[in-house]
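Please keep the sequence and the model in view while reading.

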Amino acid sequence: MASSLLRRQLGLSVQRNLRLSIPGCRYVSKAAPRAQQEFEYDGPCMKTQVPGPRSQELTKQLGDIQNVGAINFFCNYEDSRGNYLVDVDGNRMLDIYTQISSIPIGYNHPALLKVMTDPSNLSTFVNRPALGILPPENFPDKLNETLLSVAPSGMSRVQTMACGSCSNENAYKAIFIWYRNKERGNSPASEEELTSCMVNQAPGCPDLSILSFMGAFHGRTLGCLATTHSKVIHKLDVPSFDWPIAPFPRLQYPLEEFTRENAQEEARCLEEVEDLIVKWRQKGMPVAGIVIEPIQAEGGDNHASADFFKQLRNISRKHGCAFHVDEVQTGGGTTGKFWAHQHWGMDDPADIVSFSKKLLTGGYYHKLELQADKAYRIFNTWMGDPSKNLFLAEVLNVIRRESLMEEVNRSGKALLNGLYDLQTRYPGILSRARGQGTFCAIDICDDDTRNSILTKARDKGALLGGCGDRSIRFRPALVFKEYHVHILLNIFNDVLAMHK
């Protein structure tokens, strides 16, 4: 019985639900052949509207316990496979949102299920150590095998954390500690500093700041929230810091048709960055660090050129600010390179790079000089979870073995070309198609239409997400292939035809 269950978990005995097929394609483009034979559902299968009766029942039950306003529906994760998410009412949806861009190689991947069934891994799952004081024997080897094997250029140190918000929160702390030690000339803190910090006063709690960008999202914890500027709902009623906020370039698309206008827009934003750094220094709140996403995700999939980021990096050096690149959503391969900042072509792209989501664990890479000078300055109970490194090792193996970066670029090209085509077909509804790899988005004419399209697409079997004021974002797993693109485009076309 146990072996039968294992086969079911590994997806080896689900032929009654799964079958090999190559879906046809309507309207948009021809179906792409599968690169290799694999078991997967042959397409969406919808039995009810979403949320269905069982989801509604469970939502009501959970509503007696906690706030359920954000819940879409309840899921049957056991039956979900690859690119397909199944809900508790038996609806099977092509998932192009993947738990807010967090599933690297699809649901129930056999390589990850195998990790769970390996007896040598049991201790790692059963015993969650306080990594900062009592790490397991194999922890250095596992970090070298996983996170350091994909470290950004120029970085050989990594600090693990649990999630994206705490990764950024502690990265900000590392920046402040580095900046103050630099100001002191690495001398010990004074008695006045030691005393005043305990009552939240200067000089022990210095008036320093982090410069961020309008439209940014860096997390919901208190420090991160001061640098998050994407939606009112994130920030309302929560006290915050008086830190500088620069404009992020608002580019015109297609990029090749607006090179002069976009260069002027980026120059305007860079000039404002320097003005803000000077202004905050004069206010007595020096900018210790600049934080930015390679693509503003939650804020609307806003892009900037490689030259913009190169010049911003130079500004950080000029003014003595740490340069923090937030790759929580863009990292892990979804843009066609493992790190989105690799598209900039820089040997020294950042001082700190934070990550989470598709890397399954959180944390940040940093240069040696941003290492905290004393124990317990960057610290919490867990500081990550070694079991996530076991999963990440297998994710990286699958990425390499199945050449998933190449797959992402192929699928991304098909997806973006399909969005361009639909944009031409429905100019009154769609505009500003954009993307790198499969990290794509398109604007809808207004917020109400966007929300209607998301709902109708879900009811037809394609799970998508919104971002910004009126954008739809596409966030598939790395195993999203060209034939999945065509299934999606057909559904999207059907939904758009209903709004035409």
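**A strand and its surroundings**

From strand 2, R92 and L94 point one way while M93 and D95 point the other way, and all are buried. Buried here means under 20% relative accessible area, whereas exposed means over 50% and partly exposed lies in between (1.4 Å probe, protein chains only). Strands are DSSP runs of E with at least two residues, helices are runs of H or I with at least four residues, and both are numbered from the N terminus. The model is predicted, so that local features need pLDDT of at least 70 and side-chain atom pairs count only at pLDDT 80 or more, while totals for chains, interfaces and linings use all residues. Residues are numbered from 1 along each chain as its sequence is written, and side-chain values use heavy atoms, with hydrogens and water left out.

Two strands pair if DSSP finds at least two bridges between them.

Strand 1 and strand 2 run antiparallel and are joined by three bridges. Across this pairing, Y84 has L94 of strand 2 as its bridge partner. The two strands form a hairpin with five residues between them, in which G90 takes a positive phi near 85°.

On the strand 12 side, strand 2 (residues 92–95) runs parallel to its neighbour, and two bridges join them. The bridge partner of L94 in strand 12 is A462, and that of D95 is L463.

The view now widens to the whole chain. The protein chain has 16 helices and 14 strands. Its radius of gyration is 24 Å, close to the 23 Å that the globule rule gives for 500 residues, so the chain is as compact as a globular protein of that length. This radius is taken over C-alpha atoms, and the globule rule is 2.2 Å times the number of residues to the power 0.38. Along its principal axes, the C-alpha trace spans about 70 × 60 × 50 Å.

Of the 500 residues, 53% count as buried. Among the contacts (heavy atoms within 4.5 Å) with a separation of 6 or more, 71% come from residues 24 or more positions apart.
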